[in-house]
Each structure stands twice: as structure tokens, then as C-alpha cells.
Amino acid sequence: MLEYKLKWNDLPVKYVNPANSSKTCPLCSGSMASYGGRITKCEECGLIMDRDVVAVLNLQMRGEGFTQRALNELIEREGLSRNESNNSLCIPT
Ligand SMILES: [Zn+2]
């Protein structure tokens, strides 16, 4: 269905491996552990993020070669905050 809609709108379709897409940190590739509800926290760098957002960022990176720099720009553009003391990232809900 999604593939059909993308092609209808002349948008490119790319297939990526979704394995562990919500369990891998998009910043450092560490493993994300449950942090209450749908929120996950990276055990390596302390990033705190909704698991769906984590999955989308990882799938984008796999599909488009979404870079660390692009991720940082996204963080800046969306006004997401990064806690410098523990390097965690907070998304307003
Ligand atoms: Zn991390």
C-alpha cells in the first residue's frame, strides 16, 4: 500500500532491513533499553527518545545514508534539546 502510494506520487521506494531499528541508538549505535512506556534510552550515550522516532531515524539513515551531521541539523531545526551534562536528547511531547 505504501509502496503503491509512493510510486503514484513518483517518489522513490527503497527497501531497508528493519531489524533492531528501534533498538539501536541513532547517535552512537549503542543499544536502546526501555525507559518507561514508549521511551527508550541508549545504554552507551544516554540518548532518550521515543522508540518510534528512533526507528524512523535509523530507517532513514539506512535508506538515505542519513549522516550524523544531518541528524544534528535535524535536532537543531526541530528545536530538540540535548542535555550536555549527560548527553541525552529530549523531544518535547
Ligand atoms: Zn547512543
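Reader: Which residue in β2 is the bridge partner of Ser 34?

Author: That's Thr 40. Keep in mind that we're looking at a predicted model.

Reader: What makes β1 and β2 count as a pair?

Author: Two strands pair if DSSP finds at least two bridges between them. Three bridges join β1 to β2 (residues 39-42), so the pair passes that cut-off. The two strands run antiparallel.

Reader: And what kind of sheet do they belong to?

Author: An open one of three strands, in the order β1-β2-β3, with antiparallel pairing. From one strand to the next, the twist averages 40°.

Reader: Why are β1 and β3 called edge strands?

Author: Each of them, β1 as well as β3 (48-50), pairs on one side only. In general, it's backbone hydrogen bonds that pair the strands of a sheet.

Reader: OK, what about Asn 20: why is it called exposed?

Author: Count the C-beta atoms around it: Asn 20 has 11 such neighbours inside 10 Å. The cut-off for exposed is 12 or fewer, so Asn 20 qualifies. You'll find Asn 20 in the loop between α1 (2-8) and β1 (32-34).

Reader: How much of the chain is buried, then?

Author: Buried residues are 14% of the 93 in the chain. To get that label, a residue needs 20 or more other C-beta atoms within 10 Å of its own.

Reader: What makes up the largest nonpolar core?

Author: Nine residues, among them Cys 25, Leu 27, Met 32, Cys 42 and Val 54. The biggest contribution, three residues, comes from helix α2 (residues 51-64). Generally speaking, nonpolar side chains in soluble globular proteins tend to be buried together.

Reader: Which residues does Val 54 contact, leaving aside neighbours within four places in sequence?

Author: Ser 22, Pro 26, Met 32, Thr 40 and Met 49. Contact here takes C-beta atoms within 7 Å.

Reader: How do you know where confidence is highest and where it is lowest?

Author: By the mean pLDDT: β1 comes out highest, at 94, and strand β5 (residues 88-90) lowest, at 56. For the chain, the mean is 77, and 74% of residues reach 70 or more. Where pLDDT is low, the predicted coordinates should not be read in detail.

Technical notes: Residues are numbered from 1 along each chain as its sequence is written. This is a predicted model: local features need pLDDT of at least 70, side-chain atom pairs count only at pLDDT 80 or more; totals for chains, interfaces and linings use all residues. Helices (H or I, at least four residues) and strands (E, at least two) are DSSP runs, numbered from the N terminus. A nonpolar core is a set of buried Ala, Val, Leu, Ile, Met, Phe, Trp, Tyr and Cys residues joined through C-beta atoms within 7 Å. Two residues are in contact if their C-beta atoms, placed from the backbone, lie within 7 Å. Axes are lines fitted to C-alpha atoms, for helices over the stretch in contact, and angles run from 0 to 180 degrees between N-to-C directions. pLDDT is the predictor's confidence in each residue, from 0 to 100.
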